[in-house]
Amino acid sequence: MIQRNLLPSILAAISDTPVVFLRGARQTGKSTLMLHIAEQMYPARYMTLDNAVTLSAAASDPVGFLSGLEKPVVIDEIQRVPELFLAIKEDVDRNRSPGRYLLTRSASNGSLPRISDALVGRMEALTLWPLSLTEKAGGTINIIDALFDPSFPKPLTPAPDFELYEHMITGGFPEPFGRRPRR
């Protein structure tokens, strides 16, 4: 798995917020990152609403579906059953323990305001962007943070083996990047 710079922010949100909502474009690695967190860092049950049986159970009885789940739980592709948001709100209002729900959703214009209304004060929303150059190189420096650092301007020089053309070809999505032979 490619180390993502957003990981510390997700773990911080899990430690103090009942619902952590990870959004981003399709194929940026949201599911992979949440599965990694659930298996390695913050033990949680992982469920995806891409599974037909899980989808059917959640859609037919959202409250019953959630009440039967041991928390914490990752619910991937939550947009498939929007009725789950009110059921999550009801459950979190009974138990506000941090890190109960870790949700993923592919980005969609207009979707967050409705979700935010249902889960106001109960949720932290984070965005997973496509891979940055530093993530692709295995580093942790965020160029935006560097630009706003009080010590800026300081020389920002690319690594000696940096090849702009290769980065342009592979783009920022994990799967194509992983398929490219690395030197």
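The model is predicted.

Start with helix H1, which spans residues 7-16. Its buried residues are Leu 7, Ile 10, Ala 13 and Ile 14. Look down the axis of H1: these buried residues fall within an arc of 125°, so they line one face of the helix. An α-helix has 3.6 residues a turn, so residues three or four places apart point the same way.

What does the face of H1 turned away from the buried side carry? That face holds the exposed residues Pro 8, Ser 15 and Asp 16.

The buried residues of H1 have several packing partners. Two are strand E1 (19-24) and helix H2 (30-41). Strand E4 (101-106) and strand E5 (123-127) are also packed against.

**Strand E4, covered on both faces**

Now turn to strand E4. How many of its 6 residues are buried? The count is 6 of 6, so E4 is described as mostly covered. In a regular strand the side chains alternate between the two faces of the sheet. On one side of E4 sit Tyr 101, Leu 103 and Arg 105.

Val 74 stands opposite Leu 102 in E4.

**Salt bridges**

Side chains of opposite charge can pair when their charged atoms come close. The model has 9 salt bridges. The table lists some of them.

| Pair | N to O distance |
|---|---|
| Arg 26 and Glu 77 | 3.9 Å |
| Glu 90 and Arg 94 | 3.3 Å |
| Arg 96 and Asp 93 | 3.7 Å |

Take the bridge between Arg 26 and Glu 77. Arg 26 lies in the loop between E1 and H2, and Glu 77 in the loop between E3 and helix H5 (84-94), so the pair ties together parts that are 51 residues apart in sequence. Are the two partners buried or exposed? Arg 26 counts as exposed because its relative accessibility is 52%, while Glu 77, at 9%, counts as buried.

The bridge between Glu 90 and Arg 94 lies within helix H5. These residues are 4 apart in H5, so about one helical turn separates them. Glu 90 is partly exposed, at 38% relative accessible area. Arg 94 is exposed, at 58%.

In the bridge between Arg 96 and Asp 93, both residues are partly exposed: Arg 96 at 46% and Asp 93 at 37%. Both also belong to a network of salt bridges that links Lys 89, Asp 93, Arg 96 and Arg 122.

**A nonpolar patch**

Which residues form a nonpolar patch on the surface? They are Leu 133, Phe 162, Leu 164 and Met 168. Together they have about 390 Å² of accessible area. Phe 162 is found in the loop between helix H8 (143-148) and helix H9 (164-170). With a relative accessible area of 32%, Phe 162 is partly exposed. Patch residues must have over 30% relative accessible area, so Phe 162 passes that cut-off.

Notes: Residues are numbered from 1 along each chain as its sequence is written. This is a predicted model: local features need pLDDT of at least 70, side-chain atom pairs count only at pLDDT 80 or more; totals for chains, interfaces and linings use all residues. Side-chain values use heavy atoms; hydrogens and water are left out. Patches are made of residues with over 30% relative accessible area and no salt bridge: like charges are joined within 9 Å, nonpolar side chains (Val, Leu, Ile, Met, Phe, Trp, Tyr) within 5 Å. Accessible areas come from the Shrake-Rupley method with a 1.4 Å probe; for residues, only the protein chains shown count as cover. A salt bridge is a side-chain nitrogen of Lys or Arg within 4 Å of a carboxyl oxygen of Asp or Glu. Buried means under 20% relative accessible area, exposed over 50%, partly exposed in between (1.4 Å probe, protein chains only). The arc is that of the directions from the helix axis to the C-beta atoms. Contact means heavy atoms within 4.5 Å. Two strands pair if DSSP finds at least two bridges between them.
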